[in-house]
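Please prepare a briefing on the structure shown below, grouped by topic and with the cut-off of each term stated once.

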Amino acid sequence: MQTKILMVCLGNICRSPLAEGILKSKIDSSKVFVDSAGTGHWHVGDEPDQRSIAVGKKYNIDITHQRGRQFSTKDFEDFDLIYVMDNSNKENVLALAQNDSHREKVKLILDEIFPGENVDVPDPYFGGNAGFENVFQMLDKACDEIAKRL
Ligand code: 4NP
């Protein structure tokens with residue numbers, strides 16, 4: 001059976017599309033399904049932010065086909081693991097959880113490389129290109145760990 005992993009941020013245009021693309025590049029798609037979503041509704045149907053597209057392209061990861069969608073309660077049933085980018089995303093997702101099985105699926109993605117340190121992937125939306133490079137490098141390392149354990 002396929003393991004189903006969902007990457008979640010706020011807008012689903014900057015961080016989680018990169019997390020989706022990076023993890024997809026490291027796994028066997030017949031064994032692992034990867035998707036992403038945002039807790040907010042503002043960018044439903046939008047393509048990823050041009051700065052995320054650019055940093056992905058720099059490392060041969062094409063995310064241009066992705067379109068924004070909003071996280072919903074159904075995702076707790078459809079996915080085995082839900083990786084959130086920051087503590088605010090975690091609060092927003094946990095607020096929609098209906099039972100312990102749902103809550104146990106939710107993990108802060110940087111716990112994969114900094115266990116128990118509660119580190120956020122910083123939201124790069126209002127910053128410059130360097131923020132996107134930084135996000136890429138963090139997510140690349142975290143996705144290496146995730147892929148290694150699958
Ligand atoms: P993301 O970044 O959560 O990494 O996709 C954001 C994108 C858009 C907004 C906020 C964060 N926004 O407020 O529109």
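Asn60 counts as exposed, because its relative accessibility is 76% (buried means under 20% relative accessible area, exposed over 50%, and partly exposed in between, with a 1.4 Å probe and protein chains only). This is a predicted model, in which local features need pLDDT of at least 70 and side-chain atom pairs count only at pLDDT 80 or more, whereas totals for chains, interfaces and linings use all residues. Residues are numbered from 1 along each chain as its sequence is written, and side-chain values use heavy atoms, with hydrogens and water left out.

- Asn60 is located in the loop between α2 and α3 (helices are DSSP runs of H or I with at least four residues, strands are runs of E with at least two, and both are numbered from the N terminus).
- Although Asn60 is not a glycine, its phi is positive, at about 65 degrees, and this residue follows α2.
- Asn12, likewise a residue other than glycine, has a positive phi near 60 degrees, and its place is in the loop between β1 (3–9) and α1 (15–24).
- Asn12 is buried, because its relative accessible area is 2%.

**Ligand site**

- The residues surrounding the ligand are Cys9, Leu10, Gly11, Asn12, Ile13, Cys14, Arg15, His43, Asp123 and Tyr125 (a residue is near a molecule if one of its heavy atoms lies within 4 Å of it).
- By class, this shell divides into 5 nonpolar, 3 polar and 2 charged residues, where Ala, Val, Leu, Ile, Met, Phe, Trp, Tyr, Cys and Pro count as nonpolar, Asp, Glu, Lys and Arg as charged, and the others, Gly among them, as polar.
- On its own the ligand has 350 Å² of accessible area, and the protein covers 91% of it (areas come from the Shrake-Rupley method with a 1.4 Å probe).
- His43, a member of the shell, is placed in the loop between β2 (32–38) and α2, and it counts as buried because its relative accessible area is 19%.
- Leaving aside neighbours within four places in sequence, His43 is in contact with Gly11, Ile13, Gly68 and Tyr125 (contact means heavy atoms within 4.5 Å).

**Helices α1 and α2**

- Helix α1 is largely enclosed by the rest of the structure, because 9 of its 10 residues are buried.
- Those buried residues are Arg15, Ser16, Pro17, Leu18, Ala19, Glu20, Gly21, Ile22 and Leu23, and their cover includes β1, β2, α2, α4 (87–94) and α6 (129–149).
- In α2 the buried residues are Ser52, Ile53, Val55 and Gly56, and what covers them includes α1 and α6.
- Asp49 caps the N-terminal end of α2, with a side-chain oxygen 2.8 Å from the backbone nitrogen of Arg51 (a polar contact is a pair of N or O atoms within 3.5 Å; within protein, one must be able to donate a hydrogen and the other to accept it, and residues adjacent in sequence count only if both atoms are side-chain atoms).

**Cysteines**

- A search of the whole structure finds 0 disulfides, a disulfide being a pair of cysteine sulfur atoms within 2.5 Å.
- For Cys9, which is in no disulfide, the nearest cysteine sulfur is that of Cys14, 7.0 Å away, and Cys9 counts as buried because its relative accessibility is 2%.
- Cys143 is also in no disulfide, the nearest cysteine sulfur being that of Cys9 at 13 Å, and Cys143 is buried, with a relative accessible area of 0%.

- Phe71 sits in the loop between α2 (50–58) and α3 (75–78), and it is buried because its relative accessible area is 5%.
- Not counting residues up to four places away in sequence, Phe71 touches Leu6, Val8, Ala37, Gly38, Thr39, Phe76, Ile82, Val93 and Leu96.
- Although Phe71 and Cys9 are 62 residues apart along the chain, their C-alpha atoms are separated by 9.2 Å.
- Lys107 belongs to strand β4 (residues 106–108) and counts as partly exposed, because its relative accessibility is 34%.
- With residues up to four places away in sequence left out, Lys107 touches Leu81, Ile82, Tyr83 and Val84.
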